[in-house]
Amino acid sequence: MHQLIQSNPTVNFKMIFMEHPDLDMCRYNAPTSRTEVAAIFVGDDGEPPANTDICIYPIGEGFKNISPLNQCNDPMVYPLLFPRGEQGWSNEMEHVEERRSAKRNRVTQLQFYAYRLSVRSGFSLLHSSGKLFQQYVVDAYVKTEGSRLNYIRLNQKDLRVEFYRGLLDALTTRASNNNLRVGKLVIPPPSFQGSPRSMQQNYQDAMAMVRKFGRPDLFVTFTCNPSSPEILNAMEGRERPENRPDIVVRVFKMKLSELLDDLIKRKVFGCVTSYIYVIEFQKRGLPHYHILLTLDSFSKIRTKDDIDKFVSAELPNINVNRRLFEIVTKCMAHGPCGIINPNAPCMKDGECSKQFPNAFREETEENVNGYPVYKRRCIESVRVGKHYIDNRWIVPYNPWLSKKYNTHVNVEVCASVKSVKYLYKYVYKNHDAASITLKNDDSVNHDEILNFLDRRYVSAPEAMWRLKGQENEAVERASIKDTTLTAWLKLNLIDEEAHEYYYADIPQYYVFDKPSTKWQKKQRGVQQVIGRMPVVSVQDSERFYLRMLLL
């Protein structure tokens, strides 16, 4: 081994996260957590690589590459986690006897890692390995998603549905106009979470809801609290929350379900007619999600009194509600930043990018550039940690939600339609990314940049979340014979009642049955569905004008 190291000297590199004013800092922001393990890779549209280079050095031989799908991969890469050489996943692994009747006889890579990452009674070397466990989780996700993408690349003909034919026609026309040849077309289906078409579809679904129900009324951001009792009580010994992403995301999911029940079923803010939410894993060590709520006409927030009823941007009275005061000062106080802490992550060009501290204000103003300006009365400063704060530093919150969940729950009122497009684009922005440079640690030339890379960034909590049961529906969708459009045309031939509805409105009264590829009239009690059509470029003239006719 000593001779091998001598004959293959290593070179030390530093990875430096870059921030550039031309980049979207919501995606390219530098990590703020120093204990987080993440994978950084490059791929088309941020996709994980289908194959990774894994080299072994057999005794007496040169190095050899092995497939990341090899059963011996995990025990060789992680000998400390699998000291007995426990084999990893292979595509020949089958379910136990009682699962033979299931749709799949063989164990998928996702199912295998979900099984291996499950918590069982007794001591678990895997879950007790600190940062190495984080690395294993991230590695498992990258391999799993890489395998799925490789399957998509190799089965484009089977997976391509009518939605892609329009793109293929557009590419063919564009290539013909420029005397070019259409190359290989590789398109992840909309069912692949995080793909460009998945993002576009989600955004268009959201805008269809705006068309139906109007602008959203409330914007809620919920961040996981690593100090919550549910997480701390599940820790063993000296474990830290950042080293147990499995527990963090499990508690996070439970709280998400509970919060949605509070908002939708228990009507904390009134009757909700529609909502969307999106989960984010920014480079801060913890997951969070954004929720947009649209209230019915009786629950609309119209006046400043309505705003003050649901949203506060002030410190609670410690003598009246000490527990809420402690929660707000711990979870809802911004900073410190500015002159006190010029190196804070929110500081850009010497100013706070979140516009803190805010100005004192005796009463709420209903609409200023699309958002209300909340009441922040002048009070005596209180000490929080090493610094003093007042109402100017408080992030808007709802007292009831903050007291129940004991975490960062930011509640904002959407006062104008001007805020709609920004909010919907914000909640459906693309994956986290990192702009980095690699510098030779041994070089005397400090300014020598070896490479400039635009990478996808995946943290351990995000990897764990995405390993929790994502199923590919593309094969099932590819079996559809009629499209929703051609099936609607056939429906109009046999059902005169369908003549009364536009194509975009037909899902409100009929349901599309995928096995038979037919529109069937809804029965009472069927959940309401909103129809929408994808946006079409004016350059694709045939479909552009067809869309206009259908509307």
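Mentor: A term first: a residue counts as buried when its relative accessible area is under 20%. Please also keep in mind that this is a predicted model.

Trainee: Which residues of α4 are buried, and where do they fall around the helix axis?
Mentor: Seen down the axis of α4, the buried residues fall within an arc of 160°, so they line one face of the helix. They pack against α3, α5 (131-154) and α15 (460-466). The buried residues of α4 are Q109, L110, F112, Y113 and R116.

Trainee: Which elements give two or more residues to the lining of the largest cavity?
Mentor: The count comes to two cavities of 30 Å³ or more, and the largest cavity has a volume of about 40 Å³. Its lining consists of P68, L69, N70, N73, D74, G88, W89, Q109, Y113 and K143. The elements that give two or more residues to this lining are α3 (73-77) and α4 (109-116).

Trainee: Why does M533 count as buried?
Mentor: M533 lies in the loop between β18 (518-521) and α18 (541-550). Leaving aside residues up to four places away in sequence, M533 touches Q204, Y503, A504, R547, L550 and L551. With the cut-off for buried at under 20%, M533 counts as buried because its relative accessibility is 11%.

Notes:
Residues numbered from 1 in each chain as written. Predicted model: local features only at pLDDT ≥ 70, side-chain atom pairs only at ≥ 80, totals over all residues. Heavy atoms only, no water. 1 Å grid on protein atoms, 1.4 Å probe; cavity = no way out; pocket = protein on both sides within 12 Å on 5 of 7 lines; lining within 4 Å. Points joined across faces, edges and corners; volume = space filled by probe spheres on them. Helix = DSSP H or I, 4+ residues; strand = E, 2+ residues; numbered from the N terminus. Buried < 20%, exposed > 50% of the residue type's maximum accessible area, 1.4 Å probe, protein only. Contact = heavy atoms within 4.5 Å. Arc of directions from axis to C-beta.
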